[in-house]
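Me: Hi! Could you walk me through this one, beginning with the strands?
Reply: Happy to, here it is.

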Amino acid sequence: MTTVLPDTGVGPLLRDWREQRRISQLELALRADSSARHISFIETGRSRPSEDMVLRLAEQLDIPVRERNALLVIAGYAPRYPQTPLDDPAMASLRESLERLLAAYEPYPALVVDGTYGVVAANRGVALLLEGVPEKLLTPPLNAMRLTLHPEGLAPRIVNLPEWRADLLAQMDRQIALVRSPALRELYDEVAAYPAPARAGGTGGAVPVADGAAGAGRERDRAAAFALPMLLEHGGRVLSFVSSIATFNTPMDVTVAELAIETFLPADRETAAYLHAHVPS
């Protein structure tokens, strides 16, 4: 007769992650060098997974390292991944490397955010775009989503705000499903409830693009063919950016795992020229 072990809770959690990833028990077993029967026993609490098995399953399910720690604790093991504050002396070399990376990207905007979009660092290209934003939104701790979507932030100057807002909210929604963060859910509920500005893209009449409007429009159309651009009014011009997000490969620390570097690439020559002319070298 099979003895059913007390349910530690790790089995149902692993099952939830597997179902979220749309992976069958057999496929997961093959990936983790196990058997579908053993995976089934783990998920139903009939078998207690070893520490190594928890980590192997978490790896194959691409579970964030913060959540891997939680799974280990629920399964009765010690957390594997530390969470080192970014201001810890041990992180000095990482902080310096990030600052150098952001500076090297100038005059183009670039910033580093944490797992809840808190701004860890930003370069002078970002500072240029934030000109005119009320001081209350620029008081630390800064949050990239609040700065972007708040009706007193960048939102009124984003010409294609409906599309850009929808893309950002969808990005947050995917992240919430991945990390199950209450803080991130709270932030999502806050920014999703912001009222839309009366008119995105400023308060005046038609806003000119940078010199060479026809050429800029053609380049912007080409950019839109492969990525959604952010069209942002600044100094009476409409600047066009395509954003890119990078994370660390195989992080072994929760803090590092949740950092993301977002860079904004000019989508046309006129935007690039404008940044070169207005960001101090």
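**Strands, rings and cores**

Reply: Strand β3 (residues 230-234) and β4 pair in the antiparallel sense, over five bridges. Two strands count as paired if DSSP finds at least two bridges between them, and helices (H or I, at least four residues) and strands (E, at least two) are DSSP runs numbered from the N terminus. This is a predicted model, so local features need pLDDT of at least 70 and side-chain atom pairs count only at pLDDT 80 or more, while totals for chains, interfaces and linings use all residues. Residues are numbered from 1 along each chain as its sequence is written, and side-chain values use heavy atoms, with hydrogens and water left out.

Me: Ok, and what stands opposite E233 in β4?
Reply: That is V238. In the hairpin of β3 and β4, two residues lie between the strands, and G235 takes a positive phi near 60°.

Me: How many bridges join β4 and β5?
Reply: Six, and the pairing is antiparallel. One of the residues involved is S243, whose bridge partner in β5 is F264.

Me: Switching to rings: how many aromatic pairs are there?
Reply: Two, where rings of Phe, Tyr and Trp (its six-membered ring) pair if their centres lie within 6.5 Å; planes under 30 degrees apart are stacked, over 60 edge-to-face and the rest tilted. Y105 and Y108 are edge-to-face, at 5.8 Å centre to centre and 75° between the planes. F241 and F264 are edge-to-face too, at 6.3 Å and 85°.

Me: Which strands hold F241 and F264?
Reply: F241 lies in β4 (residues 237-246) and F264 in β5 (residues 260-266), so the pair ties together parts 23 residues apart in sequence.

Me: Are F241 and F264 buried or exposed?
Reply: Both are buried, meaning under 20% relative accessible area, with exposed over 50% and partly exposed in between (1.4 Å probe, protein chains only). Y105 is partly exposed, at 23%.

Me: And the nonpolar core, which residues touch the most other members?
Reply: Y117, M172 and V191, in the largest core, which has 39 residues. A core here is a set of buried Ala, Val, Leu, Ile, Met, Phe, Trp, Tyr and Cys residues joined through side-chain atoms within 4.5 Å. Helix α10 (residues 161-179) gives the most to this core, with seven residues.

Me: Nice. What is M172 in contact with?
Reply: Leaving aside neighbours within four places in sequence, M172 is in contact (heavy atoms within 4.5 Å) with Y117, M145, L184, L187, Y188 and V191.
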